[in-house]
Every structure is written in structure tokens, then in C-alpha cells.
Amino acid sequence: MIKKLLGIIDATTHKNMIEDLIVKRSMSAIPFAGRYRLIDFVLSSMVNSGIESVAVFHGYQNRSLMDHLGSGREWDLNRKRDGLFFFPSPLKEANSEQLASFKQLKNNLDYLYRSNGQYVLISNCHTVCNIDFQVILDRHIKTKSDITEIRQKGQSLEMYLIDTPLLIELINNQDQTGYRSIVDVVKAQNHELNVNEYEYQGFAAVINSIEKYYNHSIEVLNPSIWKQLFLKDSPIYTKVKDEPPTKYMNGATVKNSMIANGCVIEGHVENSIIFRGVKIAKGTVVKNSVIMQKSQIGSNCNLDGVILDKDVRVENGVTLQGTTSSPNVLRKGTVQGALMNS
């Protein structure tokens, strides 16, 4: 018998170390791996694990997130019963410290009272993974845990399984206990709760800085990583967009790269992630880079170690260089002209 799980995704997180990519969007909506957003991975994992009710807590900078998730149809969450729920955070300022704070959960306790889920999975919105949470729930029940923290190589993946009645109790008693979130409870030593860890063996990456975003993006090009993340029986869902196939012009070369549909490639692309609708002109070389949707790169450019956000335009003859520890990031909608390099 499948024990019923609820999902809670905290999409209010704001990390300064990834500021360049979240000026005009939340962390949950950062594009990743050619056609996905970061939230797609944990949301798809929840759905593939049999979770039919997911609550997304979001901040005020939510246009990209709401546009992406819509009614939840792509995740089969547009249901009359259960489905996808959106709860705006009562906090006007972005909170970088607390995952799913009890303060914001308390404002939406009805979600927990009205559901018949016996357990709750609380997750951040920016861990790239493809996890079967039912396996972890089985272990949570078998070990009679009150809380199970999912970890990998000693690091928390910022995912927690907890009994629903216990979560409600902790939220209601936060003034007495002093715990501000489930993270505080896990770290505390002065209680008698049975807190256990689950060591996840597959690929997972917490994307909370530009350096991690860049390196994990390039890492996905590795077939051994790709095969752990994109599974036939557990697909990653995303918003569907109708685009024509990518057009490769005479003289174009592509090596070890991920090219989404709708692109026009005339230059040389190597070891890079190219999102939908990107144009790369003749004589241009793009290596070790992430080029997001609808960016346009002129002719005879040389880009290496670069992240171009959406709708960036690079004019002819521009050279941009970054490193694995400090990739060169151009923010959404900016224009990089040849005169800027002179």
C-alpha cells in the first residue's frame, strides 16, 4: 500500500551568490539543461513518486515561475482534487536563511489540515535531481523516524520527510520551542525526536551559486551524469513549447554539446549548453558555455567559459572569457558590443 505523501516546495529562497541569474526571476525559475527550469527536477521527482498534491510557496518576484508552472498540466497536477497549489509568502523581503519557515507555513495551515496525506516532503526549489521519494518514505516508516533528512556525501540536499501531525505540532508550537523551521529542528540536540539521515546515491546538485550553476550545467554533458538525471521510467517534465528543429547551416560544427530546438547554428559549438531559439553566426566559436533562450551571438566572436542569460545580444567580433570558478555572466536582456572590448 502506498503511503500518501504531500509535497511542499519552498520557492522563496534568495541566494546572493547567484544574484546575476535572479535579478528578474526566482531561483526556482532559473533555466537549466537546455529546456528545463530548476523547479522541474524536484517537482517531476515528486510526481513520479506518486505525490498528487504539491504546494509551492513563492515570493513576490514570481512572474517567470507562475508563467512556467501555469495550471500544472505538464506535471499532471491540474486536478479537481489535490493538484498544484500556490501560496505567496507573507514575507515581503526575500529570506536567504530559512527553508520553509514555520512562520510562512502557519499562514497556510489549512493545506495540511484539509489534506489526507500522512507524510510531508519539504524541499527547496533548486536541487537538481531525479529521486524516488517512495523508497525514502519506506525507510522513514521502517526506521520509525520522526524526520528523515536526505543527504549526499555528508551534505544536506535540503529535503526533509516528516509526519504530517508532527509538522503541524511544530508549526503551532514555534513560539514555545523556538524552532523557526524544520532545519532548526534537525540541527537541535535538545529534543527526543528520532531524526535520521538518508544517503542518496544518485546524482544530485544543490544550485546556490554561479560557480555551482556553471559547473553542474557543464557536468550534465557527461553521459554518466546524463543517464542518472534523465531516466526513461522517471522523466523530467517541463513546460512544452512548440519550436522548429534546430537548423545547422553549411560550415557549422557541434561537439559534445546539448542543443535545444529552434536554434540557428552557423559557427562552432563545443562542450556547451544551447537553449531554445539561440542564433550563433558564422565564424563564431562557443566553448564551455551556457547560452540561454533567444540569445543572439554575432559573427567572428569567441566565447569561452560564459553564461549568457535570456535575450542577450553579442555583437560581431566580441571576445568573452571566463573560468570554471568565475564564469563570465551577462545578465538577461543585455547587449555586449565590440566597442566595449576596445
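**Close-up views of the predicted model**

**View 1. Aromatic ring pairs.** The count of aromatic pairs comes to 10, where rings of Phe, Tyr and Trp (its six-membered ring) pair if their centres lie within 6.5 Å, planes under 30 degrees apart counting as stacked, over 60 as edge-to-face and the rest as tilted. Phenylalanine 85 and phenylalanine 87 form a stacked pair, because their ring centres are 6.4 Å apart and their planes stand at 5°. Phenylalanine 85 is partly exposed at a relative accessible area of 29%, whereas phenylalanine 87, at 15%, is buried; buried means under 20% relative accessible area, exposed over 50% and partly exposed in between (1.4 Å probe, protein chains only). The structure is a predicted model, in which local features need pLDDT of at least 70 and side-chain atom pairs count only at pLDDT 80 or more, while totals for chains, interfaces and linings use all residues. Residues are numbered from 1 along each chain as its sequence is written, and side-chain values use heavy atoms, with hydrogens and water left out.

**View 2. An aromatic cluster and a charge over a ring.** Ring pairs connect Phe32, Tyr36, Phe41, Tyr213, Trp226 and Phe230 into a cluster. Tyrosine 36 also has the charged end of arginine 35 over its ring, 5.5 Å from the centre. The criterion requires NZ of Lys or CZ of Arg within 6 Å of the ring centre and within 35 degrees of the ring normal.

View 3. Strand E4 spans residues 53-58, and six of its six residues are buried; helices (H or I, at least four residues) and strands (E, at least two) are DSSP runs numbered from the N terminus. In a regular strand the side chains alternate between the two faces of the sheet. In E4, Ser53, Ala55 and Phe57 lie on one side and Val54, Val56 and His58 on the other, and both faces are covered. Strand E1 (residues 5-11) runs parallel to E4 and is joined to it by five bridges, pairing being assigned if DSSP finds at least two bridges between two strands. Within this pairing, aspartate 10 stands opposite phenylalanine 57. Strand E5 (residues 83-88) also pairs with E4 in the parallel sense, over six bridges, and there valine 54 faces leucine 84. E4, helix H2 (residues 63-69) and E5 form a right-handed β-α-β unit; right-handed denotes that, with the strands pointing away from the viewer, the path from the first strand over the helix to the second runs clockwise.

View 4. The structure holds 11 salt bridges, each a side-chain nitrogen of Lys or Arg within 4 Å of a carboxyl oxygen of Asp or Glu. In one of them, the side chains of lysine 239 and aspartate 67 meet at 3.3 Å, N to O. Lysine 239 lies in the loop between helix H10 (223-229) and strand E12 (247-248) and aspartate 67 in helix H2, so the pair ties together parts that are 172 residues apart in sequence. Aspartate 67 is partly exposed, at 45% relative accessibility.

**View 5. Salt bridges of two glutamates.** Glutamate 315 and arginine 313 meet through their side chains at 3.4 Å, N to O. Glutamate 315 is partly exposed at 31%, as is arginine 313 at 39%. Elsewhere, salt bridges that share partners join Glu149, Arg151 and Glu197 into one network. Glutamate 149 is buried at 7% relative accessibility, and arginine 151 is buried at 17%.
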